[in-house]
Each structure stands twice: as structure tokens, then as C-alpha cells.
Amino acid sequence: MQATHLNLLDLGDEYRQVVEITRDLIRRLEPQRSEFLRQIFEEQRFPEAMWEQMAEAGLLGLLIPEEYGGTGLGLLALTLVMEELASAGYGNALVVVTSMDTTAILRGGSEEQKQRWLPRIADGTLKLAFAITEPESGTNSFRMKTEARKEGGVYRLRGEKGWITGADVADMILVVARTIPYAVLKEQGLPRTYGLGLFLVDRHAPGLHLYPMNTAGIEGYRQFRLVFDDVEVPADHLIGAEHMGAQVLFFALNPERILAAATGIGLTEHVLRRAAEYARQRKVFGDRPIGSYQAVQHPLARIRVMQEAARLLTYRAAQAFDRQISPERVGTWANMAKYLASETAIAAVDRAIQTFGGQGFVKENQLIHLWTSARLLRTAPINNEMVLNFIAEHELELPRSY
């Protein structure tokens, strides 16, 4: 089986070339594969060499226009890259969050901000994390308590964030904070989307404290609780107009969901390929491999059907984003893609473990590690229940349920 089944000639030679560049990178790193996987699954540390190779190949600049050091091929090209990497067992959550931060800068950043940060993202010298989730507000991000108060030429951040992926290796963190407290919005009858700000914060800024969380599910990265103790942020690190950060944020969330879907599709490819290979070789009763039994074949075949549907949805969402179709329409396809890709990935890893039997629980086979990776996709970057709420409300015109 090959990842990226869609005929790349239909997309254009440039997309086929991006896929070949990615596959060539994976082949060149094959001698280090065992060590890379050990780092990812045992140390929760993503190999820096792979990040550097991606940058050298131009893969980190796909979203960035040429005038800022990128190639400008867009989100579909990056979607293909993320699928290929995940199909080789190299899912990379920091690429996902760095990419969504990149789209925020492209959407809301000033020309000076674009000139300052985008070239460094493209060449791999600037890694970004993203901080929106809080322990108390959870999915309802509008109720966040982290505040940014303007004092002269700076903002001062106070509050707490949780489950922030890769905060320890990122150079900067895009932080979503309230520039107007939620209670004030209610008093004044202002919409809940008003009064948000997006700030690029230096990871080493005084007053920013990182506390590791004992979580599982992110390949190669750890998650952190962030405490902002009067952290000073220059005013020119605000992305977008004051109080209007929601407009930029909504634009950036769609790429995050599309790239998460691409990761799920690639993860499905990885475990489905391994399960099929094992089923072709494993013999228990006589000379017939277990792959000749319909009880083994049919579940794997059903997953393959679901995978192709998820892949086409994901490509459609990415193409729509690149063509600048309305964020609302892109959001529908992005949410559908994320939902189907995550559910398919969970089913795929579960079936791969079942196909391997006891071997599926041997840590060296990594399938049991990948179970948590797949299961996380049902919960993050947005849980699938909220995705269904969105689809019910916006596609079926049903009453808002929350």
C-alpha cells in the first residue's frame, strides 16, 4: 500500500514533487529509524535531525509566500507532507501547531511582523507552540481567564494554560488571552468573541513558568502547564487588531484540524500496512496465513474504505482553504475530515493490535504506543462531540445544543 492514493497528476506536478521530496527524506533517514522511534516513544523527544532535514528540504515553508522565504505552495502541500510522515511513523504535532501559528501571522500580522518571523519559520530556526486551553474553561475557550492588560507600550499577561504541546522546545508561544474580561463583556452586552488577543510570547520571558504534565499521546513531545506571572509582552507582539483576535484565531483553527486529519490518515496507513503484512505471514493452523480468514480480512478492508473517504475529505478541505473559500465552508469540511480521520485511526490501531494478538502489546512493536496517539485525535485539537455539534447546527440547521 502507498500513502496518498489520490492521483497526484490531478493536483499538479508541484504536489507530486512535494510528496517525492518527503518520501526521499524518509528514505535517507531510514538508517536512524530505530533510534528516532526510541527517542519518540521512550523519551518523548522528537528528533531534531528530522526537523532540520524538513527545513532543508523546504517543507517547513510550504505555507509561507516566497517573499518571506517560503515556497507558497499552500496547505494542501503541507497536508500531503504530514500524511507521508505519519505513514512512516513520524507524526509531528509541533509542525501542526507551528503551521497554525503561521497562518495566524499571515492573516493578522503586520508587514513588519511577517518580515521578522516568517523567514525564520521557513528555515526551521523558529519553532512555535500554541496556548489556548485552560484547566477550567476546557472546550469553552471564550470563558478563559488568562488576561492581557495594556500598560504603556507593553501588555502584561496573568493566568494559566494547560496541555500545551512542545512548550519546552518551542522558541515562542502564541498565547490567546482576554484583553477584556468575560464578565465585562456580559455587563456591556458585547459578543463573547470580542476582547481576545493573540500574543507571540518568548518562551524564556521572565514570569513565564513551565510545569510538565504527566500525559501520553503526543509522539515525541511533552505537554505543559503554563503559568503567566505578570509576563511582559511588547505591544508589537500582538497579532491582529486589539480586541479582535477571534477573527485571526478562527482562520488559524481550520488548518490545525486539517493537519490533524492528515496525521490520522497517515497513522492509519502506517498501522494498516503493518497489520496486512503480518496477516500475510502469520500462520497458526496449517499453511494458511491468518490473512486468508475473513474475520481478519473484513475489518481491515472496512478501515481501508473509511481511510479513503477521510483522505478525500481532508484534501477537499485543504484545497478549499488554499482557494480562500469562506472560513465557514472550510470549517465544515475541516471538522468532518478531523472527525472521520480520528475515528478511522482509532479503529485502525485497535484492529492492528487485534491482528498482531499478543505481539500487539510488545512495546518494541510500538502499536500499543500508537493507540494513545490515535485516541488523542478523538479529543484534540477539538473533541468529536463538539464537531458533531457544529455539523448539526451549521449543516442540518438544528438548534444549538450547548
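**Cavities, a pocket and some packing**

The second largest cavity is lined by A86, G89, Y90, G91, E219, T263, L267 and L370. Its volume is about 30 Å³. By class that lining has four nonpolar, three polar and one charged residues. Classes work like this: Ala, Val, Leu, Ile, Met, Phe, Trp, Tyr, Cys and Pro are nonpolar, Asp, Glu, Lys and Arg are charged, and the others, Gly among them, are polar.

A word on provenance. This is a predicted model, where local features need pLDDT of at least 70, side-chain atom pairs count only at pLDDT 80 or more, and totals for chains, interfaces and linings use all residues. Numbering runs from 1 along each chain as its sequence is written, and side-chain values use heavy atoms, with hydrogens and water left out.

Now the terms. On a 1 Å grid over the protein atoms alone, a cavity is a set of points where a 1.4 Å probe fits but cannot get out; a pocket is an open set with protein on both sides within 12 Å along at least five of seven lines; lining residues have an atom within 4 Å of a point. Points join across faces, edges and corners, and volume is the space filled by probe spheres set on them.

How many cavities of 30 Å³ or more does this rule count? Two. Helix 6 gives the largest share, four residues. No charged residues here: eight are nonpolar and three polar. Helices are DSSP runs (H or I, at least four residues), numbered from the N terminus.

Next, the second largest pocket, at about 460 Å³. Of its 20 lining residues, L106, F251, F321, D322 and Q324 are the closest to the centre. Helix 6 (93–108), helix 9 (245–281), helix 10 (294–322) and helix 11 (327–356) each give two or more residues.

Y90 is buried, at 0% relative accessibility. F36 is buried too, at 4%. The structure holds five aromatic pairs (ring centres within 6.5 Å). F36 and Y90 form one, edge-to-face (planes over 60 degrees apart), at 6.4 Å centre to centre and 75° between the planes. F36 lies in helix 3 and Y90 in the loop between helix 5 and helix 6, so the pair ties together parts 54 residues apart in sequence.

Definitions and conventions:
Rings of Phe, Tyr and Trp (its six-membered ring) pair if their centres lie within 6.5 Å; planes under 30 degrees apart count as stacked, over 60 as edge-to-face and the rest as tilted. Buried means under 20% relative accessible area, exposed over 50%, partly exposed in between (1.4 Å probe, protein chains only).
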